[in-house]
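I set out to record what I looked up in this structure, entry by entry.

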Amino acid sequence: MSGSEAGGGDPRRRASRRRVLAALREAGPLSRAELARRTALSRATVSSIVAELRDAALVVESDRTADGERDVRGRPASVVRLDPTAGAALGIDFGKRHVRVAIADLGHRVLAERSAEIDSDHRADEGMALAARLVGEVLAEAGVPASAVVGAGMGVPGPVNAASGRLGSSTILPGWVGVEAHEAMSRRLGLAVQVDNDANLGALAEWTWGAARGCADVAYLKVATGIGAGLILDGHPFRGTGGTAGEIGHTIIDPTGPVCRCGNRGCLETLVGGPALLALLEPALGPVTMRDVLERAIAGDQACRRVIADAGTAIGAAAANLCNLFNPERIVVGGDLGAAGDLLLDPLRGALARAAIPSAATDVDVVAGVLGERAEVLGAIALVLRGRSVTGGAQEPEPASAEPSSRRERMSSLR
């Protein structure tokens with residue numbers, strides 16, 4: 001197929017192709033009907049563009065249904081996905097005590113995944129060295145050459161400056177403060193790395209694949225060692241001017257409370273973050289982990305259930321402020337404590353209903369995340385697939401005007 005035959009010379013046609021490719025990068029496999037809804041193109045236009053992209057080896061179709069959708073004749077609707085052989089995306093998630101790495105093809109299928117524990121006070125170079133080793137392992141397991149990777153996304157637990165990619169002072173990883181993480185990791189891996197706050201990536205993952213799919217306005221609460229919120233506004237991630245939007249863990253609950261790492265007193269995180277909850281239980285239970293607390297609570301331990309419920313009440317009061325400010329339709333709760341389910345969510349919902357204005361409280365649905373501990377690493381992959389970075393703006397996928405002659409050329413056409 002020539003460039004003119006593919007519509008490559010028509011700017012409007014090329015723009016429509018970019019819209020279809022962007023939708024597939026953001027959402028993964030979609031039926032033609034869903035593509036038409038997401039791109040605001042007619043079904044006839046979508047069908048012809050899909051045919052062009054298929055002939056150009058940029059997309060493939062399969063008979064698997066998308067959310068059970070059927071065509072007008074009642075048959076399962078086929079789905080369109082980016083050609084998985086066109087490249088791969090890496091996701092890297094740094095937590096307080098773990099590093100997790102995954103690789104996925106451009107059709108949103110995870111090919112391999114690894115995780116490892118790390119000291120809670122590790123230096124940035126130690127963490128990045130471990131991540132680089134795990135990257136090598138997932139590439140080998142997936143059988144993907146490094147040359148096929150179109151980019152990497154990386155999540156860190158703290159605010160990331162939108163212009164420089166530098167981590168702010170309120171990160172829970174003290175060995176990372178001031179590090180320009182995207183540049184340092186890019187040098188190690190030899191490819192472009194996009195960096196974002198872990199809660200932002202959790203929001204992106206749950207919005208792309210999980211409990212927030214189909215919602216326009218979403219808050220994702222990561223409740224773990226720290227407490228953060230990732231925000232989706234009108235279908236777009238929102239990070240604020242300097243990358244600190246969503247720092248709900250630094251909402252002041254008790255002005256006379258413990259001093260927080262941010263310098264204030266009585267922040268939400270100092271009262272119901274993971275270390276604070278474990279400290280409350282230690283006199284009664286001795287040293288325990290958050291997993292121990294969750295298991296005990298589910299088994300009926302009243303002390304653990306009380307601590308989790310009190311945490312839900314405090315978080316709900318802070319979440320009410322989010323509801324009053326931007327009126328989300330859904331709040332998704334993830335992170336370590338999110339696994340407590342309704343033990344946490346019921347008191348959270350109750351406190352939110354009491355503190356939010358009635359209309360905002362009525363509008364919002366509070367649910368548990370469905371991606372668990374994988375949410376952030378999947379969000380890092382989604383960051384690459386969307387072509388958006390907090391350190392470099394947006395990139396629209398650029399389709400080829402003729403059939404590419406190699407995988408590298410097809411990869412370039414999708415960047």
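Which residue of strand 6 does V99 stand opposite? I found A116 opposite V99.

**Basis.** I worked on a predicted model, in which local features need pLDDT of at least 70 and side-chain atom pairs count only at pLDDT 80 or more, while totals for chains, interfaces and linings use all residues. Residues are numbered from 1 along each chain as its sequence is written, and side-chain values use heavy atoms, with hydrogens and water left out.

**Strand 5.** I took helices (H or I, at least four residues) and strands (E, at least two) as DSSP runs numbered from the N terminus. I counted two strands as paired if DSSP finds at least two bridges between them. Strand 5 covers residues 98-105, and seven of its eight residues are buried (under 20% relative accessible area, with exposed over 50% and partly exposed in between; 1.4 Å probe, protein chains only).

**Its partners.** Strand 4 (residues 88-94) pairs with strand 5 in the antiparallel sense over seven bridges, and A89 has A104 as its bridge partner. Three residues lie between these two strands in their hairpin. I then followed strand 5 to strand 6 (residues 110-117), where the pairing is antiparallel over seven bridges. The hairpin of strand 5 and strand 6 has four residues between the strands, and H108 there takes a positive phi near 75 degrees.

**Cores.** I defined a nonpolar core as a set of buried Ala, Val, Leu, Ile, Met, Phe, Trp, Tyr and Cys residues joined through side-chain atoms within 4.5 Å. The largest one has 46 residues, and V20, L24, L35, L53, V59 and V218 have the most contacts inside it. Among the elements giving two or more residues to this core are helix 1 (11-27), strand 5 and helix 13 (375-386). Helix 13 gives the largest share, nine residues. A second, separate core of 42 residues includes A219, V288, A297 and A356.

**Pocket.** I searched a 1 Å grid over the protein atoms alone, where a pocket is an open set of points at which a 1.4 Å probe fits, with protein on both sides within 12 Å along at least five of seven lines; lining residues have an atom within 4 Å of a point. The largest pocket is lined by 49 residues, with H98, A224, T225, M290 and D336 nearest its centre. Strand 5 and strand 6 are among the elements that each supply at least two lining residues.
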